[in-house]
Amino acid sequence: MELQYLIWIVVGLSFSLYIGIAIWSRAASTKDFYVAGGGVNPIANGMATAADWMSAASFISMAGIISFGGYDGSVFLMGWTGGFVLLALLIAPYLRKFGKYTVPDFIGDRYYSNSARTVAVFCALIVSFTYIAGQMLGVGLVFSRYLEVDIVNGILIGMGIVLFYAVLGGMKGITYTQVAQYCVMIFAFMVPAVFISLLVTGNVIPQFGFGSTTTDGVYLLDKLDGLHKDLGFNLYTTGSKSIIDMFCITMALMIGTAGLPHVIVRFFTVKKVSDARKSAGWALLFIAILYTTAPAIAVFSRTNLIETVSEKPYKNMPEWFSKWETTGLLKFNDKNDDGLIQYSSEQITNELYVSPDIMVLANPEIAQLPNWVIALLAAGALAAALSTAAGLLLVISSSISHDLLKKIFMPKISEKGELIAARVSATLAVCLAGWFAINPPGFVAETVALAFGLAASSFFPAICLGIFSKRVNKEGAMSGMLCGISLMLIYILKFKFGFFGGGTSDDWWFGVSPEGFGTLSMIVNLIVTITISSFTKKPSEKIQKLVVEIRKP
Amino acid sequence: MGQKDSVQKYWHLNIKIISILLFFWFAVSFGCGILFAEQLNGIKIGGFKLGFWFAQQGSIFSFVIIIFTYIYIMNRLDKKYKINK
């Protein structure tokens with residue numbers, strides 16, 4: 001069957017599945033809308049969390065980024081999984097015990113102040129909007145690449161789908177569609193990975209194939225190190241980042257993960273504290289399947305790429321080469337007119353540009369897999385983007401209808417009114433996110449560092465100290481959050497956008513990149529919070545009792 | 001033993017367990033994967049240099065084990081102190 005039709009059929013089937021689930025699981029109350037009624041099975045919640053967490057970036061770009069960065073790419077692997085240990089041990093069980101609907105709910109109640117609540121809402125909105133625009137853009141890209149639909153129309157279709165099930169079903173609809181999306185996504189990621197592993201190393205399990213020998217008896221990683229050395233790249237297995245920068249980026253990503261509101265709220269949806277712990281474990285297990293496969297794919301496709309193109313005549317390139325050239329993800333410029341492709345680390349002599357995204361997207365073609373695998377991959381990438389977008393959308397709508405309207409501006413709003421407000425704000429948020437995706441501000445990539453940095457430097461210390469210390473008070477937490485955020489903003493503005501005199505990597509404070517700076521501003525937040533708290537009044541008896549209550553399972 | 005004492009004892013044990021598990025969390029990722037990766041890379045298991053393996057595979061497997069260990073220990077602790085309803 002023609003590839004184009006096949007993709008439409010597979011994508012269409014997956015979309016109707018999501019819509020079907022949404023109709024079956026409509027939200028009837030605010031409790032349904034915010035926390036799916038609070039009775040989700042921990043394994044289902046683990047799956048939903050995994051889909052919620054793994055975005056278009058994890059699915060499409062991560063393997064490619066690792067493929068180009070080698071060992072340097074490990075920061076994403078460790079950073080985006082290690083955060084779940086912090087979530088399971090330090091945050092999820094206690095926030096579940098607290099038993100309200102949102103992260104600003106906790107901050108506002110624990111620090112007995114609506115100003116603290118407002119600061120939290122502000123952070124939640126910035127973090128979520130930054131993220132959601134990227135997801136909608138991902139949806140548009142997949143549509144335009146696989147279905148030859150205009151990017152804008154692709155984004156509009158994606159908006160329509162998310163709008164339908166998020167607005168209708170709220171958290172309840174999102175939860176069960178995310179379970180379905182996880183299954184689509186992991187299947188789509190694993191099938192090509194298994195085939196390629198088999199092709200390159202003869203081992204069915206990519207995680208093992210990664211460390212095996214190729215057909216000529218040499219260990220795959222040694223071979224790749226050798227290829228890199230010949231072409232003048234850093235060795236694949238050692239990389240180029242400094243130890244302190246590796247350390248800080250990994251830490252910032254971990255703490256950022258543990259502080260992201262759309263991940264935290266997923267733990268509000270289970271029945272009891274022990275279920276919150278369980279779902280964190282299952283979530284990480286489901287995530288680990290993809291995250292341990294991605295570095296294997298990275299190595300297979302990197303080796304494949306170099307062996308296929310390096311010093312080979314351009315006219316002998318396989319069909320996929322020209323196909324991806326037309327998308328602009330591959331570019332060849334024959335600088336010395338010898339008709340051969342020279343691929344090297346030197347800017348002047350290198351003749352090939354390769355976008356990291358191609359490593360996952362072109363995999364099925366490179367491995368000559370049947371068309372249905374390609375169709376599946378398109379559906380998987382869409383599932384990854386849509387599931388994350390929906391989770392973020394819910395945070396945005398609950399921040400507005402619950403935290404701002406119900407808790408601050410209109411405390412007397414009825415249950416029904418709040419539900420309508422939640423649906424209206426979700427609709428507005430989708431439109432705004434779509435607008436950002438169609439007119440991307442040009443700094444989407446930079447703002448991801450900001451999103452993690454913000455989450456790390458604001459929420460994480462405030463939540464953790466709020467649970468583990470009875471002494472920390474309103475004054476401390478608020479000044480800590482504000483110091484952390486401002487420091488992070490200044491650093492990003494200075495080194496990413498050239499404000500305050502700008503600067504290059506030589507001027508980085510302590511040699512830490514903006515991506516890793518969240519670690520330092522988190523430490524500043526901690527110090528400020530503890531110092532100010534110890535000089536100001538203790539929280540009241542009531543608050544100290546609240547903390548004791550949270551600690552009981 | 002009063003209700004208050006048992007709650008306090010439960011909390012102290014919990015903190016102790018968390019600290020031990022966070023030590024392992026740090027050791028497998030920041031320790032083996034970053035700080036001592038270079039030294040560990042001298043050891044090879046199959047095709048993997050050990051430091052590289054920890055950074056790209058081992059740490060993730062360990063994280064999963066760490067969380068499930070915590071779930072197991074805490075479920076037993078909950079039962080022993082009978083504070084869960």
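1. Helix axes are lines fitted to C-alpha atoms over the stretch in contact, and the angles between them run from 0 to 180 degrees between N-to-C directions. This note applies that convention to a predicted model. In chain A, helix 8 (residues 151–201) and helix 18 (residues 415–438) pack at an angle of about 165 degrees, and their axes are 10 Å apart. Angles over 145 degrees count as roughly antiparallel, and helix 8 of chain A and helix 18 of chain A are therefore roughly antiparallel to each other. Their crossing is right-handed.

2. The residues that join this pair can be named. Helix 8 of chain A contributes Val152(A), Ile155(A), Leu156(A), Met159(A), Val162(A), Leu163(A), Ala166(A), Val167(A) and Gly170(A). Facing them in helix 18 of chain A are Ala422(A), Arg423(A), Ala426(A), Thr427(A), Val430(A), Gly434(A), Ala437(A) and Ile438(A). By class, the contact of helix 8 with helix 18 in chain A comprises 13 nonpolar residues, three polar and one charged.

3. The course of helix 8 of chain A deserves attention. Although helix 8 of chain A has 51 residues, its end C-alpha atoms are only 38 Å apart, short of the 75 Å that a straight helix would reach at 1.5 Å a residue. Helix 8 of chain A bends by about 125 degrees at Gly170(A), and Gly170(A) is also among the residues that meet helix 18 of chain A. Just after helix 8 of chain A, Gly202(A) takes a positive phi of about 80 degrees.

4. Helix 18 of chain A also packs with helix 7 (residues 114–147) of chain A, at an angle of about 65 degrees and with the axes 8 Å apart. This crossing is right-handed. Phe129(A), Ile132(A), Ala133(A), Met136(A), Leu137(A) and Gly140(A) of helix 7 of chain A make the contact with Ala433(A), Gly434(A), Phe436(A) and Ala437(A) of helix 18 of chain A. The contact of helix 7 with helix 18 in chain A has eight nonpolar, two polar and no charged residues.

5. Between the chains, the contact takes 37 residues from chain A and 33 residues from chain B. On the side of chain A, helix 5 (74–98), helix 10 (220–231), helix 11 (243–259) and helix 13 (273–309) each supply at least two residues. The largest share, eleven residues, comes from helix 13 of chain A. The side of chain A that touches chain B has 20 nonpolar, twelve polar and five charged residues.

6. Which helix of chain B comes within 9 Å of helix 13 of chain A, axis to axis? Helix 3 (residues 50–81) of chain B does, crossing at roughly 165 degrees. The two helices are therefore roughly antiparallel to each other, and their crossing is left-handed. Among the residues that meet are Leu284(A), Leu285(A) and Tyr291(A) of helix 13 of chain A, and Phe63(B), Ile67(B) and Tyr70(B) of helix 3 of chain B. The contact of helix 13 of chain A with helix 3 of chain B has 14 nonpolar, six polar and three charged residues.

Terms used: Residues numbered from 1 in each chain as written. Chains lettered and ligands numbered in written order. Predicted model: local features only at pLDDT ≥ 70, side-chain atom pairs only at ≥ 80, totals over all residues. Helix = DSSP H or I, 4+ residues; strand = E, 2+ residues; numbered from the N terminus. Parallel < 35°, antiparallel > 145°, perpendicular 65-115°, else oblique. Left-handed = near helix turned anticlockwise from the far one by under 90°. Contact = placed C-beta atoms within 7 Å. Nonpolar A, V, L, I, M, F, W, Y, C, P; charged D, E, K, R; others polar. Expected span 1.5 Å × (residues − 1). Bend = angle between axes of the 7 residues up to and from the residue.
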